[in-house]
Amino acid sequence: MKLLILNGPNLNMLGIREPGIYGTVDYNAMVEYVAVCCDALGIETEFYQSNHEGDLVDAIQDALQYADGIVINPGAYTHTSIAILDALKAVALPAAEVHISDVTKREPFRQISYAGMACQGHFIGQGIEGYVNAARFLQQIITGKGTVPQ
């Protein structure tokens with residue numbers, strides 16, 4: 001089983017950007033941690049990060065060729081991108097949304113998640129562990145050992 005782990009704008013700045021909100025672990029350390037955890041679960045991973053909406057849409061579409069599911073942290077595009085929502089719906093791969101911070105307790109504009117509307121699972125405010133929990137969730141869905149919440 002293979003998952004695309006997709007990260008949007010400013011996630012490359014982890015460890016630098018607002019460490020009080022996003023933590024002190026940098027992007028490369030996060031990728032390494034999630035890859036090791038997923039490997040231990042028998043999940044192959046492909047990581048991609050971009051600050052550009054169209055690149056993220058392309059990555060979602062490309063995932064149809066090789067991935068069984070998508071873990072996505074769309075960053076700020078969470079709250080603005082119908083294009084990412086439409087891409088997730090178009091490929092129809094099982095998807096789980098991740099946010100390192102608890103967006104439900106932040107500014108009002110962060111309460112809307114367009115990308116999340118196409119996701120079967122939501123892992124909010126769990127730090128980088130949310131990526132691992134999302135991968136485990138998708139593994140259960142994809143292998144038939146879990147159910148998709150209605």
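Colleague: How are H2 and H5 placed relative to each other, roughly parallel or roughly antiparallel?

Modeller: This is a predicted model. In it, the axes of H2, residues 27-40, and H5, residues 129-143, cross at roughly 30 degrees. Angles under 35 degrees count as roughly parallel, so H2 and H5 are roughly parallel to each other.

Colleague: And how close do the axes of H2 and H5 come?

Modeller: The two axes come within 9 Å. The crossing of H2 and H5 is right-handed.

Colleague: Which residues meet there, between H2 and H5?

Modeller: From H2 there are Met 30, Tyr 33, Val 34, Cys 37 and Cys 38. They meet Glu 129, Tyr 131, Val 132 and Ala 135 in H5. The residues of this contact divide into eight nonpolar, no polar and one charged.

Colleague: Now the sheet. What is the order of the strands?

Modeller: The order is E2-E1-E3-E4-E5, in an open sheet of five strands with parallel pairing. E2, residues 44-49, and E5, residues 121-124, stand at the edges. Each of these two has a single partner strand, so one side of each is left without a neighbour in the sheet. From one strand to the next, the twist averages 20 degrees.

Colleague: What holds strands like that together, in general?

Modeller: Strands of a sheet pair through backbone hydrogen bonds, either parallel or antiparallel.

Colleague: How many bridges are there between E1 and E2?

Modeller: E1 and E2 pair over six bridges, in the parallel sense. One of the facing pairs is Lys 2 with Glu 44 in E2. H2 packs on the sheet, where it touches E1 and E2. The direction of H2 makes about 160 degrees with that of E2.

Colleague: Which strands does H5 touch?

Modeller: H5 also packs on the sheet. It touches E1, E3, E4 and E5, and its direction makes about 155 degrees with that of E3.

Colleague: Let's look at E3, then. Why is E3 described as largely enclosed?

Modeller: E3 covers residues 69-73, and five of its five residues are buried, so it is largely enclosed by the rest of the structure. Buried here means under 20% relative accessible area.

Colleague: Which way do the residues of E3 point?

Modeller: Gly 69, Val 71 and Asn 73 point one way, while Ile 70 and Ile 72 point the other way. In a regular strand the side chains alternate between the two faces of the sheet.

Colleague: And which strands does E3 pair with?

Modeller: E1, residues 2-7, runs parallel to E3 and is joined to it by five bridges. Leu 6 stands opposite Ile 72 there. E3 also pairs with E4, residues 95-99, in the parallel sense over three bridges. Ala 95 in E4 is the bridge partner of Ile 70.

Colleague: Is E4 mostly covered or mostly open?

Modeller: E4 is mostly covered, with five of its five residues buried. On one side are Ala 95, Glu 97 and His 99, and on the other are Ala 96 and Val 98.

Colleague: Different topic. Where is Leu 88 found?

Modeller: Leu 88 lies in H4, which spans residues 82-91. Its relative accessibility is 3%, so Leu 88 counts as buried.

Colleague: What does Leu 88 touch?

Modeller: Leaving out residues up to four places away in sequence, Leu 88 touches Ile 60, Ile 70, Ile 72, Leu 93, Ala 95, Ala 115, Ala 118 and Cys 119. Leu 88 and Gln 120 are 32 residues apart in sequence, and their C-alpha atoms are 11 Å apart in space.

Colleague: What about Asn 10, what is its phi?

Modeller: Phi of Asn 10 is near 75 degrees, again positive in a residue other than glycine. Asn 10 belongs to the loop between E1 and H1. At 35% relative accessibility, Asn 10 counts as partly exposed.

Note on methods: Residues numbered from 1 in each chain as written. Predicted model: local features only at pLDDT ≥ 70, side-chain atom pairs only at ≥ 80, totals over all residues. Heavy atoms only, no water. Axes fitted to C-alpha atoms, helices over the stretch in contact; angles between N-to-C directions. Helix = DSSP H or I, 4+ residues; strand = E, 2+ residues; numbered from the N terminus. Parallel < 35°, antiparallel > 145°, perpendicular 65-115°, else oblique. Left-handed = near helix turned anticlockwise from the far one by under 90°. Contact = heavy atoms within 4.5 Å. Nonpolar A, V, L, I, M, F, W, Y, C, P; charged D, E, K, R; others polar. Buried < 20%, exposed > 50% of the residue type's maximum accessible area, 1.4 Å probe, protein only. Pairing = 2+ DSSP bridges.
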